[in-house]
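Good morning, and thank you for joining this meeting. Please take a moment to look at the sequence and the model before I describe them.

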Amino acid sequence: MSTAKRLTLAAVAGGLLLIGAGVAAADEESTAGFPSTQNPGQLGTSVTAILDEVVFQGSDALNGDNRPDGANGVENEFPPISPRYIEGPLGGLIVNGPQG
């Protein structure tokens with residue numbers, strides 16, 4: 001295929017893409033925003049959905065490592081308990097000094 005044909009094909013494809021994007025983004029109503037079609041109960045349903053997710057993730061973290069060996073995926077777990085969480089960076093400075 002010659003370079004001229006490639007450029008013509010690319011220009012036609014780009015034009016069709018732009019036309020398609022313009023059609024997909026066309027507004028169906030001329031009174032956009034008035035009256036509002038937003039659900040008045042959206043705040044309540046979003047808070048409920050967030051709380052449901054928090055409960056699910058929290059119960060997943062509390063039940064320990066219950067995923068079978070070799071299973072792919074993500075599971076929420078609390079980090080292992082370490083005395084470094086209590087000691088913190090200030091304890092390291094006191095014990096080892098600022099020069100380490």
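Let me begin with a definition: a residue is buried under 20% relative accessible area, exposed over 50%, and partly exposed in between, with a 1.4 Å probe and protein chains only. This is a predicted model, in which local features need pLDDT of at least 70 and side-chain atom pairs count only at pLDDT 80 or more, while totals for chains, interfaces and linings use all residues. Residues are numbered from 1 along each chain as its sequence is written, and side-chain values use heavy atoms, with hydrogens and water left out.

The protein chain has three helices and zero strands; helices (H or I, at least four residues) and strands (E, at least two) are DSSP runs, numbered from the N terminus. Of its 100 residues, 7% count as buried.

Consider helix α2, residues 42-62. Its 21 residues reach 30 Å from the first C-alpha to the last, close to the 30 Å expected, where the expected span is 1.5 Å times one less than the number of residues. After α2 comes G64, with a positive phi near 80°.

Beyond neighbours within four places in sequence, D60 is in contact (heavy atoms within 4.5 Å) with N66, E75, N76 and E77.

Finally, let us turn to helix α3, residues 84-96, where I94 is found. I94 has a relative accessible area of 65%, and is therefore exposed.
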